Amino acid sequence: VRTVMHPTLSRCFRTNDRMLRYRRLPCNLYSNTMFCPKIKSARGYTMAQIFATDFGWSRSYPMTRKGEAHEALGLLFARESVPPKMIVDGAKEMKLGEFAWKCKEAHCYLRSTEPYCPWSSSTECEIRELKKGAARKLTWSGAPLRLWCFALEYESYVRLHTEHDIFQLDGCVPEIVVSGKTADINPFCEFGFWEFSSLLVTHRS
């Protein structure tokens, strides 16, 4: 930065352009951690970070420990968009540390629900539906339980491309409301759970 007093002086100041790198979501998101400690997945995961709206849109990011919640948040911001508000419970890994810092840098206001009121978070309902749907996928396909991490991600995609009896959707699927674009259901019509799992492994490897 050059000034009139020091025309030859040049200094480098760090700028916060993180909020300009990402797209913005038109709705608030809720976040919570889903645990599955009894059965470790094929990829070594024991839990998942769930991001959801109050009308059926969700994203699932499997994790090995609670401290990776901020990594899931970074993937959400980069792959999807940044919501105006992120509503979480009183968990320290989401109220403090890297999670809170990333929300602040992206101008995503971090809010918390009332203590001892789990029903005030939409992720509780979404986690219940994701567990039901993932269990059905594993049962129908005959897949081992250790593939629950793939089934959870697959169920998230299926639900956000499915119409729900929710007034807020106005006859649309959640993906259209969130992205504003026509949802593409071809990958989920042409490929089942096993194909999705193999494609996911190939893409990420």
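Start at His 107. Just after helix H4, His 107 takes a positive phi of about 60°. Helices here are DSSP runs of H or I with at least four residues, strands are runs of E with at least two, and both are numbered from the N terminus.

Ground rules next. This is a predicted model, where local features need pLDDT of at least 70 and side-chain atom pairs count only at pLDDT 80 or more, while totals for chains, interfaces and linings use all residues. Residues are numbered from 1 along each chain as its sequence is written, and side-chain values use heavy atoms, with hydrogens and water left out.

Back to H4. The helix covers residues 97–105, and its buried residues are Phe 99, Lys 102, Cys 103 and Glu 105. Viewed down the H4 axis, those buried residues fall within an arc of 165°, so they line one face of the helix. That arc is taken from the directions from the helix axis to the C-beta atoms. On the other side of H4, Gly 97 and Lys 104 are exposed. Buried means under 20% relative accessible area, exposed means over 50%, and partly exposed is in between, with a 1.4 Å probe and protein chains only.

What does E2 pair with? Strand E1, residues 29–35, pairs with E2 in the antiparallel sense over 6 bridges. Asn 32 stands opposite Ile 50 in E2. E2 also pairs with strand E3, residues 58–63, in the antiparallel sense over 6 bridges. Here Ala 52 stands opposite Ser 58 in E3. Pairing requires that DSSP finds at least two bridges between two strands. E2 and E3 form a hairpin with 5 residues between them, and Gly 56 in the turn has a positive phi of about 100°.

How many aromatic pairs does a search of the whole structure find? The search finds 1. Phe 51 and Tyr 61 form that pair, edge-to-face, at 5.9 Å centre to centre with 70° between the planes. Phe 51 sits in E2 and Tyr 61 in E3, so the pair ties together parts that are 10 residues apart in sequence. The rule takes rings of Phe, Tyr and Trp (its six-membered ring) with centres within 6.5 Å; planes under 30 degrees apart are stacked, over 60 edge-to-face, and the rest tilted. Phe 51 is buried at 0% relative accessibility. Tyr 61 is buried too, at 7%.

Last, salt bridges. The criterion is a side-chain nitrogen of Lys or Arg within 4 Å of a carboxyl oxygen of Asp or Glu. By this rule the count is 5. One of them joins Arg 59 and Glu 80, 2.8 Å from N to O. Arg 59 is in E3 and Glu 80 is in the loop between helix H2 (69–79) and strand E4 (85–88), so the pair ties together parts that are 21 residues apart in sequence. Both residues, Arg 59 and Glu 80, are buried.

Lys 137 and Glu 155 meet in another, at 2.7 Å, N to O. Lys 137 lies in helix H5 (residues 122–141) and Glu 155 in helix H6 (residues 148–160), so parts 18 residues apart in sequence are tied together. Lys 137 and Glu 155 are both buried.
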